[in-house]
Amino acid sequence: PVADKVVFKAWRTPDELRAGLTSGTMQTFVLPTQSAANLFNKGLGVRLVNVMTNGLLYLLSADPSLTSVAALKGRSVAIPFRNDTPEYVFRRLLAAERLTADGDVTLQFTGTPMEASQLLVTGRADAALLPEPAASAAILRAGVAGKTVTRVLDIQQAWGATTGLATVLPQAGLGVSGAFLAEHPATVEALHGALAKATASVNANPARAANDAAAPLGLPWPVIEQAIPHSNLVAQRASAVREPMEAVFRALAEFDPRIIGGALPAADFYL
């Protein structure tokens, strides 16, 4: 009932997302909250409707001793998406332990989570920082190869311990273009309502959700089913969680204000 015609497309890299936003071909989109803030501050008209995950980043390793950021000294970590959310969060955690990237810890950047997991599974990286569902995919892929890879560190828990903030990272949510919002405000409200119902359904029945989502996401259903319990899926209005989001934005901006476009976004960013 939200729209007569719907096209669903899973973007694979942040550059693909940014191209769609700047060209106007993407009118509603799920994106990292800090990316949304950055684009809003750059005048691209992005507004944040809601938060859809309270954090889905994990450190994976075949070495069960790497259960803290401090333990990574002298090790290598594969990280997808340079100059994006995973790197920013991880660098903030390193700084809190007074560790330097490429001095104390070697960061190996990849274009996709799949490439980062390959470095881990083949032993070319000691650990990998991965979002779900890539983390679940890496664990399953390692099992097929006869290796044991586990989630050695929950980044959300590490973030809370390091920053003194809540152990949640309002990491991604639904964004809309200003033009689409102005033209279809009722549709935006209906979409949020539908997402709230869908989130409850997904969390209640991961197996059914995985079966439904496998084809459009282009992922095996076992990966999706295993990822859901670790994805902290929610559907919270952006305006209702503005305060915890701003706390995260401030913590990231302490490392580099350019991450969020130089300043906290204005109140009308949060719908």
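α3 and α11 are roughly perpendicular to each other (angles of 65 to 115 degrees count as such, under 35 as roughly parallel, over 145 as roughly antiparallel, the rest as oblique). They pack at an angle of about 75 degrees, with their axes 9 Å apart. Axes are lines fitted to C-alpha atoms, for helices over the stretch in contact, and angles run from 0 to 180 degrees between N-to-C directions.

This is a predicted model, in which local features need pLDDT of at least 70 and side-chain atom pairs count only at pLDDT 80 or more, while totals for chains, interfaces and linings use all residues. Residues are numbered from 1 along each chain as its sequence is written, and side-chain values use heavy atoms, without hydrogens and water.

**The helix contact.** On the α3 side stand Y88, V89, R91 and R92; on the α11 side, A251, L252, E254 and F255. Contact means heavy atoms within 4.5 Å. By class, this contact has five nonpolar, no polar and three charged residues. Ala, Val, Leu, Ile, Met, Phe, Trp, Tyr, Cys and Pro count as nonpolar, Asp, Glu, Lys and Arg as charged, and the others, Gly among them, as polar.

**The cavity.** A search of the whole structure finds one cavity of 30 Å³ or more. On a 1 Å grid over the protein atoms alone, a cavity is a set of points where a 1.4 Å probe fits but cannot get out; lining residues have an atom within 4 Å of a point. The largest cavity has a volume of about 60 Å³, the space filled by probe spheres set on the points, which are joined across faces, edges and corners. Its lining includes V89 and L252, and V89 and L252 also take part in the helix contact. T33, Q34, T85, L169, P170, Q171 and V248 line the cavity too. The lining divides into five nonpolar, four polar and no charged residues.

**Loops.** F81 lies in the loop between β5 (76-80) and α3. Its phi is near 65 degrees, a positive value in a residue other than glycine. P133 lies in the loop between β7 (127-131) and α5 (134-144). The peptide bond from E132 to P133 is cis, with omega near 5 degrees.

**The chain.** Its secondary structure comes to 11 helices and 10 strands. These are DSSP runs numbered from the N terminus: helices H or I of at least four residues, strands E of at least two. The C-alpha atoms fill a box of roughly 55 × 40 × 30 Å along the principal axes.

Key:
On a 1 Å grid over the protein atoms alone, a cavity is a set of points where a 1.4 Å probe fits but cannot get out, and a pocket is an open set with protein on both sides within 12 Å along at least five of seven lines; lining residues have an atom within 4 Å of a point.
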